[in-house]
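Have the sequence and the 3D view side by side. The paragraphs below walk through a few places in the chain, one at a time.

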Amino acid sequence: MRGLWPVFVVLLLFLQGCKPAQPIVPENLLPEPIANEAPLPSYSDLVGRYNATTAPLSRIWAEARVDLEWINEKGDRKSEHGDGRFMFVSPDKVALEIQEFGKGFWAGGDGERYWLFDLQDKRTVYVGRFDRLAQLDEDAFPLPVKPSDLLYVLGLIPIDADNVPDAPAVERVAGHYLIEPPGLGIRMLLHPDTARPVRVDILNKAGESVVKCILSEPVDVKTKADADGGLKPVISTRVDVYVLGEEAHMTLRLKSATTDGTQIRDAHYDYDKLLRVYKPDEVVDLDAQP
């Protein structure tokens with residue numbers, strides 16, 4: 001999993017020094033209970049159904065909007081918003097461009113490296129390598145999340161159905177199915193009818209939730225097969241992200257999502273080319289952080 005960084009790291013400069021005042025994170029972040037008295041499915045069967053929903057989503061382009069709400073060091077409630085593009089190419093290329101946060105952000109990953117270009121007053125790029133994530137301390141990240149979870153949050157890439165966790169592998173919560181795929185650092189609540197995620201928790205090394213993501217407003221994604229009556233893939237177009245302990249809330253909205261990749265370019269995932277284009281004043285190597 002290689003995609004959480006592009007969205008969550010956009011919060012980086014807005015969460016420094018936040019102090020809880022008027023609560024932003026609701027106490028109950030469970031979805032509305034639904035009636036479901038069916039026998040619990042096996043883990044492999046349930047994950048197999050989930051994986052089937054990711055198969056048509058090998059390439060996604062969408063308009064994106066990010067809204068941020070947080071409490072600053074004075075206890076004042078603040079907000080920002082930005083618009084841009086979200087792009088994904090299976091299995092691990094992802095990019096998010098956001099404008100209007102000052103001068104904008106460009107975040108992404110190419111399967112080997114992940115990065116954030118902060119193009120505000122001081123042009124800085126933060127960069128690291130995926131193969132060194134396991135060696136990094138949690139405190140090395142500017143947020144308590146891995147830069148690889150977004151693609152699971154959006155339900156875009158499959159899970160290993162044969163890597164079954166210890167019992168109970170599947171539990172029932174508010175009528176939904178709860179699973180915790182081994183080794184991914186996430187906990188997922190899947191809808192019993194669609195097997196698509198309705199909530200994804202990002203976990204720390206102790207297995208505690210540090211970020212809760214609520215997914216809603218699923219829509220059919222436009223595909224080239226639409227005219228031929230082909231099955232339409234589905235994606236959640238709203239993700240509400242709550243950073244626990246920070247009193248911070250981010251909403252990601254996707255619009256006009258399509259599997260047509262004509263608007264996606266290789267340059268969108270070329271870190272070296274992005275360096276030449278944006279010419280940052282400072283490069284922060286996250287792998288070199290103490």
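Pro 168 sits in the loop that runs between α3 (150-153) and β7 (171-173). Helices (H or I, at least four residues) and strands (E, at least two) are DSSP runs, numbered from the N terminus. The model is predicted: local features need pLDDT of at least 70, side-chain atom pairs count only at pLDDT 80 or more, and totals for chains, interfaces and linings use all residues. Residues are numbered from 1 along each chain as its sequence is written, and side-chain values use heavy atoms, with hydrogens and water left out.

Ala 167 is joined to Pro 168 by a cis peptide bond, with omega near -5 degrees. Ser 90 and Pro 91 are also linked by a cis bond; here omega is about 10 degrees. Pro 91 belongs to the loop between β2 (77-89) and β3 (93-99). Most peptide bonds are trans, and most residues other than glycine have a negative phi.

Now turn to positive phi. Ala 195 is not a glycine, yet its phi is positive, about 65 degrees. Ala 195 is found in the loop between β9 (186-190) and β10 (197-203). Its relative accessibility is 0%, so Ala 195 counts as buried (under 20% relative accessible area; exposed is over 50%, partly exposed in between, with a 1.4 Å probe and protein chains only). Glu 217 has a positive phi too, near 55 degrees. Glu 217 lies in strand β11 (residues 209-220). With a relative accessible area of 44%, Glu 217 is partly exposed.

Strand β11 also holds Ser 209. Which side chains does the side chain of Ser 209 meet in polar contacts? One is that of Arg 187, at 3.3 Å. Another is that of Asp 201, at 2.7 Å. A polar contact is a pair of N or O atoms within 3.5 Å; within protein, one must be able to donate a hydrogen and the other to accept it, and residues adjacent in sequence count only if both atoms are side-chain atoms. Beyond its neighbours within four places in sequence, Ser 209 is in contact (heavy atoms within 4.5 Å) with residues including Ile 202, Leu 203 and Leu 244.

Asp 270 caps the N-terminal end of α4. Lys 279 follows α4, and its phi is positive, near 45 degrees.
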